[in-house]
Amino acid sequence: MSITQQYLLDTYRARQHGEPAPPAPGAHDWQVVREWRDHRLFRAVLAERPARGRIRQALRRRLRLRGHLTR
């Protein structure tokens, strides 16, 4: 059963019982992504790592190391 079919079945059952319809699939995806990002930043702070710009800093370090090795 696909997610769309399950949603339609749940909506039908909710209507039969006089309950509110469930949220549509994908309605809260961006909220989940934001919460995951916030949790990741929080974990970085607890581990005493920089919370932002870690990828950029790592790339700069690599590029600097390559520059020193090629000279």
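In which helix does W30 lie? W30 lies in helix 2, which covers residues 29-46. The legends below treat a predicted model, in which local features need pLDDT of at least 70, side-chain atom pairs count only at pLDDT 80 or more, and totals for chains, interfaces and linings use all residues. Residues are numbered from 1 along each chain as its sequence is written, and side-chain values use heavy atoms, with hydrogens and water left out.

**View 1. The whole chain holds three helices and zero strands.** Helices (H or I, at least four residues) and strands (E, at least two) are DSSP runs, numbered from the N terminus. The order of elements from the N terminus is α-α-α. The chain is more spread out than a compact globule, because its radius of gyration is 23 Å, well over the 11 Å that the globule rule gives for 71 residues. This radius is taken over C-alpha atoms, and the rule is 2.2 Å times the number of residues to the power 0.38. The C-alpha trace spans about 75 × 30 × 15 Å along its principal axes.

View 2. The accessible surface comes to about 7,000 Å², and 56% of it belongs to carbon and sulfur atoms. Such areas come from the Shrake-Rupley method with a 1.4 Å probe; for residues, only the protein chains shown count as cover. Of the 71 residues, 6% are buried; buried means under 20% relative accessible area, exposed over 50%, and partly exposed in between (1.4 Å probe, protein chains only). There are 16 positive and 6 negative side chains, and the centres of the two sets lie 19 Å apart. Lys and Arg count as positive and Asp and Glu as negative, whereas His and the chain ends are not counted. The place of a charge is NZ of Lys, CZ of Arg, CG of Asp or CD of Glu.

**View 3. T11 and A14 in helix 1.** T11 belongs to helix 1 (residues 3-17), and A14 is found in helix 1. T11 counts as buried because its relative accessibility is 17%; A14, at 7%, also counts as buried. Neighbours within four places in sequence aside, T11 is in contact (heavy atoms within 4.5 Å) with A21 and P22. With those neighbours left aside, A14 is in contact with E19, P20, A21 and P22. Just after helix 1, G18 takes a positive phi of about 70°.

**View 4. W30 and helix 2.** W30 counts as exposed, because its relative accessibility is 63%. From W30 to R62 the separation is 32 residues in sequence and 32 Å in space, C-alpha to C-alpha. The 18 residues of helix 2 reach 26 Å from first to last C-alpha, close to the 26 Å expected at 1.5 Å a residue; the expected span is 1.5 Å times one less than the number of residues. Just after helix 2, E48 has a positive phi of about 60°.
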